[in-house]
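Dear colleague,

I am handing over a structure for you to look through, and below it you will find a description of what turned up. Please keep the structure open while you read.

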Amino acid sequence: AFFELIVLPMNEKLLDRFGFVKLFLIGSTILMVRWITNYAFDSIWVYIFATALHGMGFGIIFPTALNYMGMYLNEEMNATALGLSNSFYLITIGIVSFTIGIIYDLYSFKEVMLLFIGIGLISYLFIYMFHKKKAN
């Protein structure tokens with residue numbers, strides 16, 4: 001949470017400098033580096049470093065998504081969207097934690113990291129499709 005708190009206050013400045021798509025890519029890349037690092041190295045120190053990367057990546061992506069909703073929705077829709085997105089976020093934390101726990105019990109930490117790398121690649125695809133759609 002410490003590294004997340006470092007990045008959160010800078011979000012609006014980062015948005016002005018990079019824009020939504022690039023900022024999502026930066027946050028996604030930081031998370032991807034975390035998962036690849038955890039997969040490649042079997043060290044507690046690397047894990048601690050990678051956890052800091054996670055805080056930074058999440059600290060970029062989450063407020064960027066909230067700012068995106070705030071920019072493109074009217075006040076009435078924004079309140080509904082924020083409530084639904086936060087509810088969805090909390091529900092997915094529970095579902096994903098449970099599912100990843102089962103996968104971890106059946107396989108290993110490295111397989112969980114491979115799964116996250118795959119999900120990260122899919123997120124890159126979504127960001128690319130979004131960016132391509134916005135450009136047209």
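Asn-78 counts as buried because its relative accessibility is 17%, where buried means under 20% relative accessible area, exposed over 50% and partly exposed in between, with a 1.4 Å probe and protein chains only. If neighbours within four places in sequence are left aside, Asn-78 is in contact with Met-69, Gly-70 and Leu-73, contact meaning heavy atoms within 4.5 Å.

Please bear in mind that this is a predicted model, in which local features need pLDDT of at least 70 and side-chain atom pairs count only at pLDDT 80 or more, while totals for chains, interfaces and linings use all residues. Residues are numbered from 1 along each chain as its sequence is written, and side-chain values use heavy atoms, with hydrogens and water left out.

Taken as a whole, the protein has five helices and zero strands, and its C-alpha trace spans about 45 × 35 × 30 Å along the principal axes. Of its 136 residues, 29% count as buried. Among contacts between residues at least 6 apart in sequence, 72% join residues at least 24 apart.

Helix α2 (residues 11-40) and helix α3 (residues 44-72) pack at an angle of about 145 degrees, with their axes 8 Å apart; the axes are lines fitted to C-alpha atoms over the stretch in contact, and angles run from 0 to 180 degrees between N-to-C directions. The residues of this contact divide into 21 nonpolar, 11 polar and two charged, where Ala, Val, Leu, Ile, Met, Phe, Trp, Tyr, Cys and Pro count as nonpolar, Asp, Glu, Lys and Arg as charged, and the others, Gly among them, as polar.

The largest nonpolar core has 12 residues, including Val-21, Trp-35, Ile-61 and Phe-116; such a core is a set of buried Ala, Val, Leu, Ile, Met, Phe, Trp, Tyr and Cys residues joined through side-chain atoms within 4.5 Å. Helices α2 and α5 (109-135) each supply at least two residues of this core. Not counting residues up to four places away in sequence, Trp-35 touches Met-113, Phe-116, Ile-117 and Gly-120. Another core, of eight residues, lies apart from the largest one, and among its members are Leu-14, Phe-20, Leu-23 and Ile-60.

With best wishes

Notes:
Helix = DSSP H or I, 4+ residues; strand = E, 2+ residues; numbered from the N terminus.
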